[in-house]
Amino acid sequence: MRDNNIMPKGNETDDGEVGIDTTSFEQVQQQQKKLVIGYALTSKKKMSFLQPKLEVLARKKGISFVSIDQDKPLSEQGPFDVVLHKLLGNEWHDVIEEYQQKHPEVTVLDPPCAIERIYNRQSMLQGIADINLADCDGMICVPKQMVVLKDTTSSANEVAEAGLNFPLVAKPLLVDGTAKSHQLFLAYDRLSLAELEPPLVLQEFVNHGGVLFKVFVVGDVIKVVRRFSLPNVSNCEKEKVAGVFQFPRVSSSAASVDKTDLDPRVAELPPKPLLEGLVRELRNRLGLRLFNIDMIREHGSRDVFYVIDINYFPGYGKMPDYEQVFIDFFMSLAQAKHNTIQCVR
Ligand SMILES: Nc1ncnc2c1ncn2[C@@H]1O[C@H](COP(=O)(O)OP(=O)(O)OP(=O)(O)O)[C@@H](O)[C@H]1O
Ligand SMILES: O=P(O)(O)O[C@H]1[C@H](OP(=O)(O)O)[C@@H](OP(=O)(O)O)[C@@H](O)[C@@H](O)[C@@H]1OP(=O)(O)O
Ligand SMILES: [Mg+2]
Ligand SMILES: [Mg+2]
């Protein structure tokens, strides 16, 4: 956090009004702290995240966003209090890793090794089924899945051995930000597996009534929205249909779903204690502060949920009130840093 030595003349509120100055010297000093956030984001992410409302709110709080030039050494830029990043490739992750070692005082959101874990759809879901959420009003599962690294033809036998039931969702093993890594298929039978291109995970399709819950996490804050998802696969369809079908990307649509037109048993949000317990565990286990969880409710049940996907730095622009949530989050980082500095003194 950078100190600004200029003393303010008035006591300006968030709305820009100037009132009678009743602020203590210490409070004034506090208000003058600046938070510099260096960001390295794709242009798409920059457009959706750094929207004018966020920048206006940030400016009022003394938060500035500075674009990181990827062609220059990171240590020669800044100084930054926070580095916010989502770029592809190992090279970038090495840059960030090295920078964090040299500058432990900078908050890097988030550590590359933690991000890499959820860029692999196998390690992403590992350990979730073991999380103890007794007394949290529900149960969290992950769909049965297996990894296919090379030969999808011979994987037909392994699918049976692993006890996986068709239809299976085929997902590219690695999420690398490309459109291809989000290209999913539904395979209805053994023979159709030969058409798929490894490396991938084969995951049981879980009927969930066509509604998905996107659980956004920003530090300690949790926000949930409903999205449309794929309809149930009936037993009749399972018997009759063969082959492989590409998934439409229904659930990434910008629109959240209004619950009024939906069956309440499908639309009811996951219980708060369950979400809080799950997020607390995942935040610690994954070592991430910015992520979302895609959850579905097993069709016909009230409280059995499946985690099917976790994303790093997702489309927060689609999260209600994301601007204020982020401002509060950044301010909490500034406060935490300020407290640490005082302790050290
Ligand atoms: N096991 C499953 N059972 C039922 N539906 C599923 C399953 N896995 C995925 N889906 C459906 O497919 C969609 C995409 O799957 P998933 O979220 O795993 O892919 P993704 O490419 O990581 O998506 P995102 O854009 O959220 O990163 C889900 O939102 C959901 O609608
Ligand atoms: O494109 P959007 O802004 O919606 O964000 C999507 C984001 O793309 P971006 O990071 O390139 O922006 C995706 O990231 P990668 O897996 O491809 O790295 C992934 O996190 C999606 O789940 C996000 O959609 P959401 O699930 O939040 O609806
Ligand atoms: Mg998803
Ligand atoms: Mg995903």
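User: Which side chain meets Arg302 in a salt bridge?

Analyst: In this predicted model, where local features need pLDDT of at least 70, side-chain atom pairs count only at pLDDT 80 or more, and totals for chains, interfaces and linings use all residues, side chains of opposite charge can pair when their charged atoms come close. A salt bridge here is a side-chain nitrogen of Lys or Arg within 4 Å of a carboxyl oxygen of Asp or Glu. Arg302 takes part in such a pair, N to O at 3.8 Å, and its partner is Glu268.

User: How many residues apart are Arg302 and Glu268, which link distant parts of the chain?

Analyst: Helices (H or I, at least four residues) and strands (E, at least two) are DSSP runs, numbered from the N terminus. Arg302 sits in the loop between strand E15 (290-297) and strand E16 (304-312), while Glu268 sits in the loop between helix H8 (264-267) and helix H9 (272-286), so the pair spans 34 residues.

User: Is Arg302 buried or exposed?

Analyst: Buried means under 20% relative accessible area, exposed over 50%, and partly exposed in between, with a 1.4 Å probe and protein chains only. Glu268, at 39%, counts as partly exposed, whereas Arg302 has a relative accessible area of 58% and is therefore exposed.

User: Which residue forms a salt bridge with Lys180, and where does that residue lie?

Analyst: Side-chain values use heavy atoms, with hydrogens and water left out, residues are numbered from 1 along each chain as its sequence is written, and chains are lettered from A and ligands numbered from 1 in the order in which they are written. The closest N and O atoms of the pair are 3.0 Å apart.

User: Which residue coordinates both the magnesium ion (ligand 3) and the magnesium ion (ligand 4)?

Analyst: Donors are N, O and S atoms within 2.8 Å of the metal (3.2 Å for Na, K and Ca), and water is not among the atoms, so sites may look incomplete. The magnesium ion (ligand 3) is coordinated by Asp294 (OD) and Asp309 (OD), at 1.9 to 2.1 Å. Asp294 lies in strand E15 and Asp309 in strand E16, so this pair ties together parts that are 15 residues apart in sequence. The two ions are 3.8 Å apart, and the residue that coordinates both is Asp309.
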